[in-house]
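Please look through the sequence and the model shown below before turning to the report. The sections that follow take up the surface, the pairs of side chains, the fold and the confidence in turn.

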Amino acid sequence: GGFELAAWCRRTYPDLEVVLAGSVVKAVAKAGDICEEGPALTKPYEHQLVLDRIRRALAERNQRKDRS
């Protein structure tokens, strides 16, 4: 499932940004174990919102790298 994939990505590629999307209340609790924010979006979602979220995550990562 998506949470297992996200957890694997976090372990294997710690610098990889993972965006979770879900619609089940239980998913929020599981997401809390994977990331501090929980699911960023709920289904059904606008594809533009997903793209915007990914762009923000990449910009934040680039800012962190620039400060290092």
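Which residues make a nonpolar surface patch of about 420 Å²? In this predicted model, the patch is made by Leu-5, Trp-8, Tyr-13 and Leu-16. A patch is built from residues with over 30% relative accessible area and no salt bridge, where nonpolar side chains (Val, Leu, Ile, Met, Phe, Trp, Tyr) are joined within 5 Å and like charges within 9 Å. The areas come from the Shrake-Rupley method with a 1.4 Å probe, and for residues only the protein chains shown count as cover.

Leu-5 has its place in helix α1, residues 2-12, and counts as exposed because its relative accessibility is 52%; exposed means over 50% relative accessible area, buried under 20%, and partly exposed in between. Over the whole chain, the accessible surface comes to about 5400 Å², and 54% of that belongs to carbon and sulfur atoms.

## Reading the model

Residues are numbered from 1 along each chain as its sequence is written, and side-chain values use heavy atoms, with hydrogens and water left out. Because the model is predicted, local features need pLDDT of at least 70 and side-chain atom pairs count only at pLDDT 80 or more, whereas totals for chains, interfaces and linings use all residues.

## Side-chain pairs

The count of aromatic pairs comes to one. Trp-8 and Tyr-13 form this pair, which is edge-to-face, with 5.7 Å from centre to centre and 75° between the planes. Rings of Phe, Tyr and Trp (its six-membered ring) pair if their centres lie within 6.5 Å, and planes under 30 degrees apart count as stacked, over 60 as edge-to-face and the rest as tilted. Trp-8 counts as partly exposed at 40% relative accessibility, and Tyr-13 is also partly exposed, with a relative accessible area of 47%.

The count of salt bridges likewise comes to one, where a salt bridge is a side-chain nitrogen of Lys or Arg within 4 Å of a carboxyl oxygen of Asp or Glu. Glu-17 forms this bridge with Arg-64, and their closest N and O atoms are 2.9 Å apart. The pair links distant parts of the chain, for Glu-17 is in the loop between α1 and β1 (21-22) and Arg-64 is in helix α3 (residues 47-67), 47 residues apart. Glu-17 is partly exposed, with a relative accessible area of 35%, and Arg-64 counts as partly exposed at 42% relative accessibility.

## Fold and burial

The chain has three helices and two strands, which follow the pattern α-β-α-β-α when read along the sequence. Helices (H or I, at least four residues) and strands (E, at least two) are DSSP runs, numbered from the N terminus. Buried residues make up 19% of the 68 residues in the chain.

Phe-3 lies in helix α1 and counts as partly exposed at 22% relative accessibility; the C-alpha atoms of Phe-3 and Ala-21, 18 residues apart along the chain, are separated by 9.9 Å.

## Confidence

The mean pLDDT of the chain is 78, and 72% of its residues reach 70 or more, where pLDDT is the predictor's confidence in each residue, from 0 to 100. Confidence is lowest in helix α2 (residues 25-34), at a mean of 64, and highest in α3, at 88. Where pLDDT is low, the predicted coordinates should not be read in detail.

Terms used
Buried means under 20% relative accessible area, exposed over 50%, partly exposed in between (1.4 Å probe, protein chains only).
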